[in-house]
Amino acid sequence: MSRTPEIDVGDYVREIPGQQFLVRTEAYTDEDVFELEMKHIFERTWIYVGHETEFPSAGSFKTAYVGRQPIVVIRDKEGKIGAFFNRCVHRGATLLREHQGTVQEMRCPYHGWIFDLAGRTRLVSERGDPGGYGANFIEPEGLLRVPRLESYRGLLFVSLDADIQPLASYLGELKTVIDAKLDLSPVGRIAIASKPYVCRYRGNWKLQTENIVDAYHFMHTHGAFVKLQAKYGDSTGDFGVHKGRSSREMREQRFRGETWSCRQGHGFARVPAADPGYLLDGEFGRMYRELLDRHGEAAFAGITSKATSTVFPSMGMIHQQIRVWRPISVDETEVLIYPYEIEGAPDAFNAGMLRSQERFYGPSGFGMTDDTEIFARVTQGLRASSVEWLVFDRGMDSDERTESGDYRGLPSSEAPQRALWRAWKKMMQQASKHA
Ligand code: FES
Ligand SMILES: [Fe+2]
């Protein structure tokens, strides 16, 4: 399949433990590598497809992708959520086109076959008409089901690999971040109440996987925001929930907390709350004091920390949002951002969080556009393919290997990025054996 069969893609990542970590330019730019990733990474991992609250009633559906394979996730009349390939079993048209919505049944737009909410064939149109289907016709039972669908605390993931490990063990140490984010809710639940903000960038999907957990870039890429914050402080909007910080505090913040490189490919960066007193005595002090009583000091520190995280290969949680990115081609990626609400929190808290996200991540926010601009700049820069390698050494000598086989790093270490590339290498080495 590869145009360059003499190159072992597993060799695109070179690691000398504790010393050097390099990634080849072609890992981001080669179309054959991209094809291998779709098959051997996206079809062999758990891919996030939505949150249970996005399927409130029978017929609620979402369309999504596993790599480039279109799927539909839908709630049936018994209340069960199922995942199917979004492809009519007759001659292949996608059944549902909208990103999300509600239907009574799935009707194919091409020749009108109908499937029920559990994917079963309900109607073969004009079946007995002249020239229709005879007595020997073998009617397809229904849509092909995606082999695995599992939920972790309401977060729904699918996998095309029937033998993949259970979702909870796949998530590994990343569960501590998900749990802390969800435990901010007095009832331990979040809800997605709005449609996503969708954007596309010119660049490879892995640029987003790397960036969402990149504590190193903030003061540089988002320099304009840092300057605004320095000049105007909280008047840029803390909305009572997300205290802005002086640029000095932001700089110091970079040297607090930890990063994590999970053996499954996930990564996270976590910084403790700068000032827990601000939370306990602030506008939402009652909610925070109750959380402190219920969970105790250690867990409370986790709940109130700020964490950015990525679930390998294409989902992340940052701020109060779930982010999903979808590879379109080797140099184009779609990003969907879903702000979520904390169930049981005061309405003013959720409203403030939404305003705070709009400040940084919305279409006119201070931050997200900086990142997409940088992705385009990296894509442009990588065209200088005479430069062979990208450098991921930062913090390597201080990473600690944990008992489970993860690495814990210092705050602005590139440990989370190395997690992605270690998992990538492992899976691509298996791919090149099969190629
Ligand atoms: S392709 Fe769906 S009914 Fe023909
Ligand atoms: Fe950024």
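Which residues is glutamate 332 in contact with, leaving aside its neighbours within four places in sequence? In this predicted model, glutamate 332 is in contact with Arg200, Tyr201, Arg202, Gly203, Arg326 and Pro327, once neighbours within four places in sequence are left aside. Glutamate 332 lies in strand 20, which covers residues 332-339, and with a relative accessibility of 19% it counts as buried, because the cut-off for that class is under 20%.

## Domains and their contact

The protein is divided into domain 1, made of 9-44 + 171-434, and domain 2, made of 47-151. The C-alpha centres of domain 1 and domain 2 lie 34 Å apart, and the contact takes 21 residues from domain 1 and 13 residues from domain 2. Between domain 1 and domain 2 an area of about 1,400 Å² is buried, and carbon and sulfur atoms give 62% of that area. On the side of domain 1, Phe42, Ile192 and Arg326 supply 30% of the area buried against domain 2, more than any other three residues. Arg326 is also among the residues in contact with glutamate 332.

The count of salt bridges between domain 1 and domain 2 is one. A salt bridge is formed by the side chains of glutamate 35 and arginine 68, with an N to O distance of 2.7 Å.

## Aromatic pairs and charges over rings

A search of the whole structure finds 18 aromatic pairs. Phenylalanine 42 and tryptophan 205 form one of them, an edge-to-face pair with 4.9 Å centre to centre and 80° between the planes. Because phenylalanine 42 lies in helix 2 (residues 31-42) and tryptophan 205 in helix 5 (residues 205-211), this pair ties together parts that are 163 residues apart in sequence. Phenylalanine 42 is buried, with a relative accessible area of 1%, and tryptophan 205 counts as buried at 0% relative accessibility.

The rings of phenylalanine 284 and phenylalanine 349 have their centres 5.3 Å apart and their planes at 90°, so this pair is edge-to-face as well. Phenylalanine 284 lies in the loop between helix 9 (276-281) and helix 10 (285-304), whereas phenylalanine 349 lies in helix 11 (residues 347-361), so the pair ties together parts that are 65 residues apart in sequence. Phenylalanine 284 counts as buried at 6% relative accessibility, and phenylalanine 349 is buried with a relative accessible area of 0%.

Ring pairs also link Tyr12, Tyr28, Phe392, Trp421 and Trp424 into a cluster. Charged side chains meet rings too: the charged end of arginine 24 sits over the ring of tryptophan 389, 5.6 Å from its centre, while arginine 394 lies over the face of tyrosine 216, at 3.6 Å from the ring centre.

## A largely enclosed helix

Helix 4 (residues 174-183) is largely enclosed by the rest of the structure, because seven of its ten residues are buried. The buried residues of helix 4 are Leu174, Val177, Ile178, Ala180, Lys181, Leu182 and Asp183, a set that includes the charged residues Lys181 and Asp183.

## Loops and backbone geometry

Most residues other than glycine have a negative phi, and most peptide bonds are trans. Against that background, two residues that are not glycine are set out below.

| Residue | Phi | Relative accessible area |
|---|---|---|
| Glutamate 126 | positive, about 50° | 58%, exposed |
| Histidine 319 | positive, about 50° | 17%, buried |

Glutamate 126 is found in the loop between strand 10 and strand 11, and histidine 319 lies in the loop between strand 18 and strand 19 (321-329). The peptide bond from phenylalanine 312 to proline 313 is cis, with omega near 5°, and proline 313 is found in the loop between strand 17 (306-311) and strand 18 (315-318).

Tyrosine 133 lies in the loop between strand 10 (121-123) and strand 11 (148-152), the loop in which glutamate 126 is also found. At 30% relative accessibility, tyrosine 133 counts as partly exposed. Not counting residues up to four places away in sequence, tyrosine 133 touches His90, Trp113, Val124, Ser125 and Arg127.

Methods
Residues are numbered from 1 along each chain as its sequence is written. Chains are lettered from A and ligands numbered from 1 in the order in which they are written. This is a predicted model: local features need pLDDT of at least 70, side-chain atom pairs count only at pLDDT 80 or more; totals for chains, interfaces and linings use all residues. Side-chain values use heavy atoms; hydrogens and water are left out. Rings of Phe, Tyr and Trp (its six-membered ring) pair if their centres lie within 6.5 Å; planes under 30 degrees apart count as stacked, over 60 as edge-to-face and the rest as tilted. Helices (H or I, at least four residues) and strands (E, at least two) are DSSP runs, numbered from the N terminus. Buried means under 20% relative accessible area, exposed over 50%, partly exposed in between (1.4 Å probe, protein chains only). A charge sits over a ring if NZ of Lys or CZ of Arg is within 6 Å of the ring centre and within 35 degrees of the ring normal. Domain bounds come from an automatic or database domain assignment. Contact means heavy atoms within 4.5 Å. Buried area is the accessible area (1.4 Å probe) that two parts lose on being put together, summed over both. A salt bridge is a side-chain nitrogen of Lys or Arg within 4 Å of a carboxyl oxygen of Asp or Glu.
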